[in-house]
Amino acid sequence: RGCAGVRAGALARRGAGGGERLLRGGPRASKRPPRAMAARSLVVLYGGEASEEVAKQLAAGAAAKCSCTAALMAMDEHKKCVEALEGAPGSTVALLVLETHENNAPAPQAERCVSQLLKARRCDYCSTRTSRPNPQCGTKCPYVSAFAGLKFAVVAIGDTNLLLDRQTTTAKDCNRVGQQMDGQLAKCGATRFVSRCECNEAEGLEEALEPWMDKLWSPLKEALAV
């Protein structure tokens, strides 16, 4: 064909929006291999202003270091958060950022969620209500199976300035809520994939948080993969 015919054919192949359509099979398939998908989803729970900032740092780090998009969940939506941990634990990795305020209390935003997760559970097999596993019930005890399959890590945030009645204080002394949650989840069947981080706002959160995050990414990748 002449130039006019070629030009007319090209125009005939243009769509209504002005973009040129590709004939025979539509858009070309990418030659790049598909990105491997994580076997588990990642959720980051937080309650309180300080914990929200840390949770955002963790989510950004997970995206950069693990190619994983984390779901940020505010613990004031306690039903949603509890469901994320109890509803599908076999498919979830959870990072929990927990603040301890005065009198070893959780942040007000997280109070109901923390209370729900730390509650005593009634066993349908031995009819007892306790905070410890009953060996007689084996794996049927809710304290063995409530969070079975869940993988988790805890970031605890406290402030030794709130412990003025003590002569010597460290991060270990001001992080009761994080310590309780860490122990409860492990006791109820969840797997701790990295040790707890304990921060002291009086010293600066980054003093403990930054070195802990440097050690987090490799075990987090492994936890997400299986």
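**Where to start: Glu-53**

In which helix does Glu-53 lie? Glu-53 belongs to α2, where helices (H or I, at least four residues) and strands (E, at least two) are DSSP runs numbered from the N terminus. Glu-53 is partly exposed, with a relative accessible area of 48%. On this scale, buried means under 20% relative accessible area, exposed over 50%, and partly exposed in between, using a 1.4 Å probe and protein chains only. Glu-53 and Val-97 are 44 residues apart in sequence, yet their C-alpha atoms are 9.7 Å apart in space.

Before going on, a word on the model. It is predicted, so local features need pLDDT of at least 70 and side-chain atom pairs count only at pLDDT 80 or more, while totals for chains, interfaces and linings use all residues. Residues are numbered from 1 along each chain as its sequence is written, and side-chain values use heavy atoms, with hydrogens and water left out.

**The chain as a whole**

The chain has 7 helices and 8 strands. Of its 226 residues, 42% count as buried. Among contacts (heavy atoms within 4.5 Å) with a separation of 6 or more, 72% are between residues 24 or more positions apart.

In soluble globular proteins, nonpolar side chains tend to be buried together. A nonpolar core here is a set of buried Ala, Val, Leu, Ile, Met, Phe, Trp, Tyr and Cys residues joined through side-chain atoms within 4.5 Å. The largest one holds 32 residues, and Leu-58, Val-155, Trp-212 and Leu-220 touch the most other members. At least two residues each come from β1 (41-46), α2 (49-66), β3 (92-99), β6 (151-158), β8 (197-200) and α7 (206-225). The biggest share, 8 residues, is given by α7.

Apart from this core lies another, of 25 residues, including Leu-85, Phe-147, Met-181 and Cys-188.

**How α2 meets α7**

Two packed helices are described by the angle between their axes and the distance between the axes. For α2 and α7 the angle is about 50° and the axes are 10 Å apart; axes are lines fitted to C-alpha atoms, for helices over the stretch in contact, and angles run from 0 to 180 degrees between N-to-C directions. That makes α2 oblique to α7, since angles under 35 degrees count as roughly parallel, over 145 as roughly antiparallel, 65 to 115 as roughly perpendicular and the rest as oblique.

Val-54, Leu-58 and Ala-62 are among the α2 residues in this packing, and Trp-212, Leu-216 and Leu-220 are among those of α7.

**The two faces of α3**

Helix α3 (residues 78-86) has five names on its buried list: His-78, Cys-81, Val-82, Ala-84 and Leu-85. They cover an arc of only 155° around the axis, so they sit on the same side of α3; the arc is that of the directions from the helix axis to the C-beta atoms. These buried residues pack against β1, β2 (71-74), β3 and α4 (111-118). Exposed Lys-79 and Glu-83 are on the face turned away from the buried side.

**Two buried residues to look up**

Asp-182, in helix α6 (residues 176-187), is buried at a relative accessible area of 4%. Not counting residues up to four places away in sequence, Asp-182 touches Phe-152, Val-154, Arg-192 and Arg-196.

Gly-204 is in the loop between β8 and α7 and is buried, with a relative accessible area of 16%.
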